[in-house]
Amino acid sequence: MKTKVNGGEPAFPSFNEGYPEVFGISIREHFAAMAMQGIASTGSTGDYEAIAYLSVSMADALIDELNKGAE
């Protein structure tokens, strides 16, 4: 059974006994950072706002693709 990816869950959850909070970045933020790293590795320079927008768009597209067929 596939579980739906929310995107807001922690990418690397760390639970401490007695502390209900989970610290760290979300799955969506992690995917966006990886996309941005890939774009930056090409030596691309230019409109950083456009690169940030594209990175987040790529992260959202990946989450949508992962959710296909999920319950």
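Trainee: Which residues is Asn67 in contact with, leaving aside its neighbours within four places in sequence?

Mentor: Contact means heavy atoms within 4.5 Å. Here, Asn67 is in contact with Lys4 and Val5 once those neighbours are set aside. Keep in mind that this is a predicted model, where local features need pLDDT of at least 70, side-chain atom pairs count only at pLDDT 80 or more, and totals for chains, interfaces and linings use all residues. Numbering runs from 1 along each chain as its sequence is written, and side-chain values use heavy atoms, with hydrogens and water left out.

Trainee: Where is Asn67 found?

Mentor: Helices are DSSP runs of H or I with at least four residues, strands are runs of E with at least two, and both are numbered from the N terminus. Asn67 sits in the segment after α2 (48-66). The protein has two helices and zero strands.

Trainee: Is Asn67 buried or exposed?

Mentor: Buried means under 20% relative accessible area, exposed over 50%, and partly exposed in between (1.4 Å probe, protein chains only). Asn67 has a relative accessible area of 15%, so it counts as buried. Of the protein's 71 residues, 18% are buried.

Trainee: Which residues make up the largest nonpolar core?

Mentor: A nonpolar core is a set of buried Ala, Val, Leu, Ile, Met, Phe, Trp, Tyr and Cys residues joined through side-chain atoms within 4.5 Å. In this protein, the largest has six residues: Val5, Ile27, Phe31, Ala32, Ala59 and Ile63.

Trainee: What does Phe31 touch, not counting residues up to four places away in sequence?

Mentor: Phe31 touches Ala59, Leu62, Ile63 and Leu66.
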